[in-house]
Amino acid sequence: MPDYSYLIVGGGMTADAAAKAIRVADPKGSIGLVSADPHPPYDRPPLSKALWKGEPEEKIWRNTDATGAVLHLGRRITGIDPRGKQATDANGATYGYSKLLLATGGTPRRLKFDSEQIIYYRTFDDYRRLHALAREQLRFAVLGGGFIGSEIAAALRMAGREVVMLVPEDGIGARVYPADLSRSINDYYREQGVDVRTGEGLADVRPRGGKAIVKTTSGKELPVDIVVAGLGITPNVDVAEQAGVHIDNGIVVDELLRTDVPDIFAAGDVANFYSPALGTRMRVEHEDNANTMGAAAGRSMAGQGKPYHHLPFFYSDLFERGYEAVGELDARLDTFSDWKDPFTEGVIYYLKGGRVRGVLLWNVWGKVDEARKLIADQGPFTAERLRDRL
Ligand SMILES: Cc1cc2nc3c(=O)[nH]c(=O)nc-3n(C[C@H](O)[C@H](O)[C@H](O)COP(=O)(O)OP(=O)(O)OC[C@H]3O[C@@H](n4cnc5c(N)ncnc54)[C@H](O)[C@@H]3O)c2cc1C
């Protein structure tokens, strides 16, 4: 049985960031990484953006092996024994550890229908499959108007494919953007040739004559070749739960990213942490958090931890438009939109009780740190105080 000073369960961006930080903090300690993915760690954001715009696949690899970590790929940990300090994978192999990191991320939510023609988009293999299919003259249905749905619909359309998008809400990104911005994105997507159906969910998918027949909630039937589902993720907490770790919307960690079980840490999409800036616990499913929190967890495991007080930012691309954002972006909050050019360039502030909770920088770049300062400021803020601020 290999016995590692540091055992990382998971092989995503968080795992990679942790391995690199451990290596800096502890040049000698042995690192083992066990990942259910058959590929070594890679960047996920390009899977729905840059790779569709011609970036070569070689660019996504994170070269985790340069840390000297031993990578056990295509292996899923199914049990952890915190007393015996060992983990077991689905093949029965065991791995000893002194410190263990759970960086297990999330799994796409699935539909209740089983079909070979549905892709739950998350991994490099999903990208390869969809990218190959997009070379053929096929018709695609994209379910969901969130981050993955909106990016994949754009990617497929840019590849010249016919795309119908089912968005159960009133508009693309309706849970995040103010209603007028969301409506303008519907229009923008339609201008780009996406058949956007708002207020339409999926009722059924059936194979018929080589096609997938998508039945919508309003009873329409849409024959397509492939369905791509972007329905969000659920955190992968099974192994943690089995090990007796406290779970509450993800794996609960303290500010040094420790769980309540000795020597077990968690970070990334799966971890629920306290954000002093927002005064609440949260789980963040974005790249900056994966990188920053993964590194913080690595340092903490190596005995050089500092409280994780980072307020992560995130970003997305929608055809030629894009944004960076930080804090709480919830369309139910009060918003103030400070447009330079309506729906094309501007800043949207999300407010609660006179304080800024979140900032959406719509085609505005390089202002994330200033936005963070506004969120940290007690305010009170009014539209007048915020106008032309960023
Ligand atoms: C297509 C796509 C585009 C994205 N674009 C953006 C973007 O533009 N901006 C942004 O901010 N964020 C983006 N994100 C989100 C960002 O990529 C995630 O927040 C980040 O990848 C999370 O990293 P993670 O390592 O915590 O989790 P994951 O990436 O989910 O990695 C978890 C890893 O753990 C492995 N695993 C799970 N369970 C086990 C187990 N029991 N045993 C062993 N291994 C296990 C999995 O195989 C996987 O390797 C995107 C995500 C996707 C999928």
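Biologist: Ground rules before we start?
Modeller: This is a predicted model, where local features need pLDDT of at least 70, side-chain atom pairs count only at pLDDT 80 or more, and totals for chains, interfaces and linings use all residues. Residues are numbered from 1 along each chain as its sequence is written, and side-chain values use heavy atoms, with hydrogens and water left out.

Biologist: How many aromatic pairs in the whole structure?
Modeller: The search finds 16. Rings of Phe, Tyr and Trp (its six-membered ring) pair if their centres lie within 6.5 Å; planes under 30 degrees apart are stacked, over 60 edge-to-face, the rest tilted.

Biologist: OK, what kind of pair do Tyr-188 and Phe-319 form?
Modeller: Edge-to-face. The centres are 5.9 Å apart, with 90 degrees between the planes.

Biologist: Where do Tyr-188 and Phe-319 lie?
Modeller: Tyr-188 is in helix α4 (residues 179–191), and Phe-319 is in the loop between β21 (313–318) and β22 (321–327), so the pair ties together parts 131 residues apart in sequence. Helices (H or I, at least four residues) and strands (E, at least two) are DSSP runs, numbered from the N terminus.

Biologist: Is Tyr-188 buried or exposed?
Modeller: Buried, at 8% relative accessibility. Buried means under 20% relative accessible area, exposed over 50%, partly exposed in between (1.4 Å probe, protein chains only). Phe-319 is buried too, at 5%.

Biologist: And Tyr-323 with Trp-362, stacked or edge-to-face?
Modeller: Stacked: 5.5 Å centre to centre, 15 degrees between the planes. Tyr-323 is in strand β22 and Trp-362 in strand β25 (residues 355–362), 39 residues apart.

Biologist: Back to Tyr-188. What sits over its ring?
Modeller: The charged end of Arg-321, 3.9 Å from the ring centre. For that label, NZ of Lys or CZ of Arg must be within 6 Å of the ring centre and within 35 degrees of the ring normal.

Biologist: New topic. Which residues of α2 are buried?
Modeller: In helix α2 (residues 124–133) they are Phe-124, Asp-126, Tyr-127, Leu-130 and Leu-133. They pack against β8 (118–120), β9 (139–143), α3 (147–158) and β15 (226–229).

Biologist: Last one. Where does Asp-269 lie?
Modeller: In the loop between β18 (264–266) and β19 (271–275). Asp-269 counts as buried, at 10% relative accessibility.

Biologist: Which side chain does Asp-269 join in a polar contact?
Modeller: That of Arg-122, at 3.0 Å. A polar contact is a pair of N or O atoms within 3.5 Å; within protein, one must be able to donate a hydrogen and the other to accept it, and residues adjacent in sequence count only if both atoms are side-chain atoms.

Conventions: Contact = heavy atoms within 4.5 Å.
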